[in-house]
Amino acid sequence: MMRSIKIVLFGMLTMLVVACTAPIAQVERQPFPDDAQNLTMDQIEDAIIKAATAREWTVSKLATGKLTATYAPRDHIAKVEIDFTQHDFSILYVDSTNLKYNGGTIHKNYNRWVNNLKVDIQREVAAKVALSS
């Protein structure tokens, strides 16, 4: 009887953990508006940094067209690389702490954070394009 209870509890705990994870989101070659090619790389970088810092990501420049961004709410840490050109951008997983990363899956919050970052980057670059026209 006790063994059955332990097995059921273990199964429920496993399902709970699995319910909190999802395949890791990789934003690859997400296009900018066509007129973004009229912006300089510095202008695009500024827009990306503005979008990220508004959501409390800490951004560091690695090279032209390459940034790292770290988000650290409470005791969680997510680190991504943001690669960009005048045509598109990518947000790629680098590392994490306390997000149940397991090769191809991660806590669902990570995907939400990355999606919010993607949408905000698109919005900021579109706003820069509109101002430069």
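Good morning. The structure is a predicted model, in which local features need pLDDT of at least 70, side-chain atom pairs count only at pLDDT 80 or more, and totals for chains, interfaces and linings use all residues. Residues are numbered from 1 along each chain as its sequence is written, and side-chain values use heavy atoms, with hydrogens and water left out.

Let me begin with the overall plan. The protein has three helices and seven strands; helices (H or I, at least four residues) and strands (E, at least two) are DSSP runs, numbered from the N terminus. From the N terminus on, the order of elements is α-β-β-α-β-β-β-β-β-α. Of the 133 residues, 35% are buried, where buried means under 20% relative accessible area, exposed over 50%, and partly exposed in between (1.4 Å probe, protein chains only). As for contacts (heavy atoms within 4.5 Å), 55% of those between residues at least 6 apart in sequence join residues at least 24 apart.

I turn now to the sheet. Strands of a sheet pair through backbone hydrogen bonds, either parallel or antiparallel. Here, five strands form an open sheet in the order 2-6-5-4-3, with antiparallel pairing; two strands pair if DSSP finds at least two bridges between them. Strand 2 (27-31) and strand 3 (58-63) stand at the edges with a single partner strand each, so one side of each has no neighbour in the sheet. From one strand to the next, the twist averages 25°. Axes are lines fitted to C-alpha atoms, for helices over the stretch in contact, and angles run from 0 to 180 degrees between N-to-C directions.

Strand 3 pairs with strand 4 (residues 66-71) in the antiparallel sense over five bridges. Within this pair, Val59 has Ala69 of strand 4 as its bridge partner.

Which strands does helix 2 touch? Helix 2 (residues 41-54) packs on the sheet against strand 3, strand 4 and strand 5 (77-84), and its direction makes about 160° with that of strand 5. Helix 3 (residues 108-132) also packs on the sheet, touching strand 2, strand 4, strand 5 and strand 6 (88-97), at about 150° to the direction of strand 6.

Next, the two helices together. Two packed helices are described by the angle between their axes and the distance between the axes. The axes of helix 2 and helix 3 come within 8 Å and cross at roughly 135°. The two helices are therefore oblique to each other; angles under 35 degrees count as roughly parallel, over 145 as roughly antiparallel, 65 to 115 as roughly perpendicular and the rest as oblique. Residues making this contact include Ala51 and Ala52 of helix 2 and Leu117 of helix 3.

Finally, some individual residues. Not counting residues up to four places away in sequence, Leu117 touches Ala51, Ala52, Trp57, Val80, Ile82 and Ile91. The C-alpha atoms of Leu117 and Ala54 are separated by 9.4 Å, although these residues are 63 residues apart along the chain.

Glu45, in helix 2, counts as buried at 10% relative accessibility. With residues up to four places away in sequence not counted, Glu45 touches Lys61, Leu67 and Phe84. Asn111, in helix 3, is also buried, at 15% relative accessibility. Thank you.
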